[in-house]
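Please walk me through this structure.

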Amino acid sequence: MRLDEGNIHVSSDRQNYPPALQLFSYEFQNPSWKFPRDYLIQAYRELHNVTFGVDELVSARVMLLAHQAEVVSRVLADTTCRYILADEVGLGKTIEACVILKGLRRRNPSLKALIIVPSALARQWHNELNEKFWLDFPIVSTSQQIESCMSLGGCILCVEELARSEELWLMARTQKWGVLIVDEAHHLHKLPELYQRVHQLSSSIEKVLILSATPIQRYAREYLYILSLMNPSRYKIQDLEAFEELLQAQAKIRRRMTLLGRTLTEEDFDAEEFVDEMDHMWMGLKQDTFLMDLINKVDDEEMRQGDSLSAAKEVFAYVSENYQIERRIIRNRRVHITAPMPRRELDPSWAYVPSIAETEALEELYEYINAYSRAFTDHPLVTEYCKVWMYASASSPSALLDVLESRIAYVTNPVESAPPHTLEQLLVPAAPRSEEQRINGILEYGPLLEEERLRFLEPLLVLVERWQELTEQALTESLQRFTPSPPPASHRLVSALNALHEIMSTSSSKKVIVFSGWLQTLETLLPYLEHRYGRNAIAQFTCSLNDEQLQNSADTFQSVPHCRILLSDELGGEGRNFQIADLIIHIDLPWTPAQIEQRIGRVDRFGKSGTVRSVVPYGQDWPEEDLFHIWQDAFHLFTRSMSGMEIVLEGVQEELLAAIKEDPRWGVSHQVKDMVGKAEKLREEVEEERYFEEASVHTSLRGEFDHISERFQDGELLRTACLKWARIAGLYAAYDSHADIVTFYPKRFNIASMNKARFLNPPNMEEALRRSGRKNNLVIRGTFNREIAVHHEELVFFAPGNDPWIDAIVDNAIEADRGRCCAILRHAPAVQGTWRGFELLFSLTIDPRPLYQLGYDPAHLFRALGFLHTSTVRLLISEEGRRESTSSAVWKLTQRAYSSGEDIHLGKRDGAVSRLQTFKREHPVDEWHTVTDRTLNLADTILSEELDEYMEELAGEARDRFEKQAAGLKAIYHWRNHYINGQSMLTWEQIEDHERISQALVEGIRRPIRNLESACYWVLQGK
């Protein structure tokens, strides 16, 4: 059936009336609407323009740093959303992924997300999404839970559950997911079946974010495994040999460029030598003609030394950016970050010589576990079994006694049933709340020695009980003789207590976190601390507390000045922000370097100044001292971040475990010297990769992001604009300037004003009311200030793209018919005579039509938004055709907001004498159309004269950048295909698409759409 479109009537509250047509037809609205609408449009256009169209850069309830903003904008602007986020530990990969997820769901609200994480991090992910992004994704463990969560937009699935449950796996793979996020992905290859399951999910899901430790080229297999998770169709595991060739070829380029890069200073640079070296390298890259052109510029005879150096740096940046293994790996390193960071320090002076009682207990212990490792050398649990005993003994006699008593109970009543854990689960550290259960499983299901209880456990029990008795006696004595400089201790807990007392007695404000992997150790220490400092001075953050108690403890430690000590197990290392602390006491040393980094990372955070000091009271001449030297002397874990060596350290950890298995007592000590030398070599390789990547860091872009963050952090610009429009649209709100909080009161909204503004369908704010605790009290309370929103989860964060309420207000203002056209008479004594003319506000947007005509995704427009530096243009033109400058008296007079008491609304229709009828008589149709048409044409001419040349320059800049990108893509395509046929980052067809899209974007920049947003006819009545 065919229907005349003129007979189709659509009911809608959306409006888009051209101000020019309103102007021609004398459709002058009340001027009260003009100024709020103009103000909001200018504020929003500026915000949208400077954020490159990625509103998440300012709408996320987190303080994004420049490197994080760069990651978010890059991923959201890419239609192929498959990336590896491999920032160094502590640089915010989780936050980056959450902001990207929020942005993807804003663009597609029906998108379903599957987030796969280790169980140790599941609660952290849930809290981040829930508190900062209002995404309430449940942690699921059954197929029924997965099915029910689809209506919520997504879920969090623990890798351990995915590996264990066939039913869960079947349900997960049959759902229609839109995005897959995998955290700690570099661990997956250790469990082949689990890896294959995640790999299969990645193959079937369109958008994928892989969060991983920084891959390094020495570990080619692990590198390829991670790449294949990100893009299974491009990277094949079976192509390892060819991939290794590619890594070796890239390493040659990297080494040569690293050496050259160190000469790029005014003192060391020699253009001729640089070109000679580059010519040698270019012989293997002959297909890259763009690179040859860049090299030739360096040695141009007409160039000055400074220009040659700049050209050489451009060569370095080009090679660094393009000759990478994979462009969709994003690696940020601490040395590239400009945000302030504290300095890490280590105080090793609290190491102690163990007492006779401790020494005797440890000698008996190591006799036992040495015999155990020899007897069961081939048993898969033997290494973990020995490590549990060693770790407990290097914490406290209480921790060791707990392990010992548990083992005695299991030996006395051995189990015959199958363990509740799989063997794989017992071999891998669990989440803090599950780690005790895993340790008990190891103790319960470890094989039995012959006469184990009689020969080893009971003699050891006597010695450990004696050690514990003397430790408690020493702790009691230490309370009685506390001095600022106590004598050396022969007990670990006394040494820790002395270190704690030193900072408590020399400062009245500094705070301390005391970490231990064993709850029994912290419980032993607690009464002595309470006796010395009082209960209110101490907070606990351990697995023995529920979530509410944990939150209360965290709040107390951070906000109460006299609460200065936090006792924490490894639960406190999971994503918490305890940067208020100054000192960390590691009572025991984790065998996992990531746990050390997690502990220190709670304090060593962006924004903190000064130092973060670690104290390690290790026992001398035992394996824990050897472990300390490996972690510090070889890898500097207490004085530096892991610095991209996470995967390296995993390999080191495996070597340590092998050493324990070989010889629990002396195996680690045999590794120290070799580890120091190996670490130095590994660090040089990592540093070489870092240096090569450094040139590709977009420092200017990060500078723009820093400016954006500073400009819009307090939200004042958008708050003022939105509240102006909300007020006139009948949306009553109160602003508390002291707290910087805005409260909307729907019960006091003016329905008549809302109807005039066509604000007819307010958004659903049920979630905001629920979170603020006001579901039964219809009040919408929030802030435009991001910093306040970060610290107050109960407040709505009023930001475009984050809050539907503000989105509705902005959309209503932009689309409203009111405020687009008006006529005002204003008394202006400063003006000679009477000035008559037009005020015209234009918005500028990149023309998307060249892109649409080619049939490409609108998301590609993000690549061009950064080139449009001007978002609005205001013109003031007299009836005689003269343009007023921004410094003129007329300009300044028209910028003052309309006042109904002082100004006259020339389009007013009611009253004894209609002002609109008077205006029409004074300005007959023909005359009015002529002057209006002439003014609009003149405005078009002015804009063309001012903008065309300027936009041509911007289009040229865009064209140059896009051509450079295309040249790099082509070069890397040929280079990679030489080693791995068909495994280039892009196909040739995609590169050709890139060029066509770039041409369309350049055309859109060259001729932006100029949209008339508002028009006002002014009569300024002077003397």
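How do the residues lining the second largest cavity divide into nonpolar, polar and charged? In this predicted model, the lining has 10 nonpolar residues, 1 polar and 1 charged.

The cavity itself is one of 5 in the structure of 30 Å³ or more. Its space comes to about 110 Å³. Three helices, α16 (356-375), α17 (382-393) and α26 (623-634), each give two or more residues to the lining. The lining residues include Leu-362, Tyr-366, Met-390 and Tyr-391. Trp-591, Trp-622, Pro-623 and Leu-627 are also among them. Ser-393 and Glu-624 belong to the lining too.

Now move along the chain to Phe-759. This residue sits in the loop between α31 (751-756) and α32 (766-771). Phe-759 counts as buried because its relative accessibility is 5%, and buried means under 20%. Which residues does Phe-759 contact, leaving aside neighbours within four places in sequence? They are Leu-731, Met-754, Trp-805, Ala-808, Ile-809 and Asn-812. Lys-920 lies elsewhere: 161 residues from Phe-759 in sequence and 31 Å away in space, C-alpha to C-alpha.

Last, the cysteines. Cys-822 is buried, at 1% relative accessible area. Cys-1016 is buried as well, at 0% relative accessibility. For Cys-822, the closest cysteine sulfur is that of Cys-1016, at 3.4 Å. Seen from Cys-1016, the closest cysteine sulfur is in Cys-822. The disulfide count for the structure is 0.

How values were computed: Residues are numbered from 1 along each chain as its sequence is written. This is a predicted model: local features need pLDDT of at least 70, side-chain atom pairs count only at pLDDT 80 or more; totals for chains, interfaces and linings use all residues. Side-chain values use heavy atoms; hydrogens and water are left out. On a 1 Å grid over the protein atoms alone, a cavity is a set of points where a 1.4 Å probe fits but cannot get out, and a pocket is an open set with protein on both sides within 12 Å along at least five of seven lines; lining residues have an atom within 4 Å of a point. Grid points are joined across faces, edges and corners, and a volume is the space filled by probe spheres set on the points. Helices (H or I, at least four residues) and strands (E, at least two) are DSSP runs, numbered from the N terminus. Ala, Val, Leu, Ile, Met, Phe, Trp, Tyr, Cys and Pro count as nonpolar, Asp, Glu, Lys and Arg as charged, and the others, Gly among them, as polar. Buried means under 20% relative accessible area, exposed over 50%, partly exposed in between (1.4 Å probe, protein chains only). Contact means heavy atoms within 4.5 Å. A disulfide is a pair of cysteine sulfur atoms within 2.5 Å.
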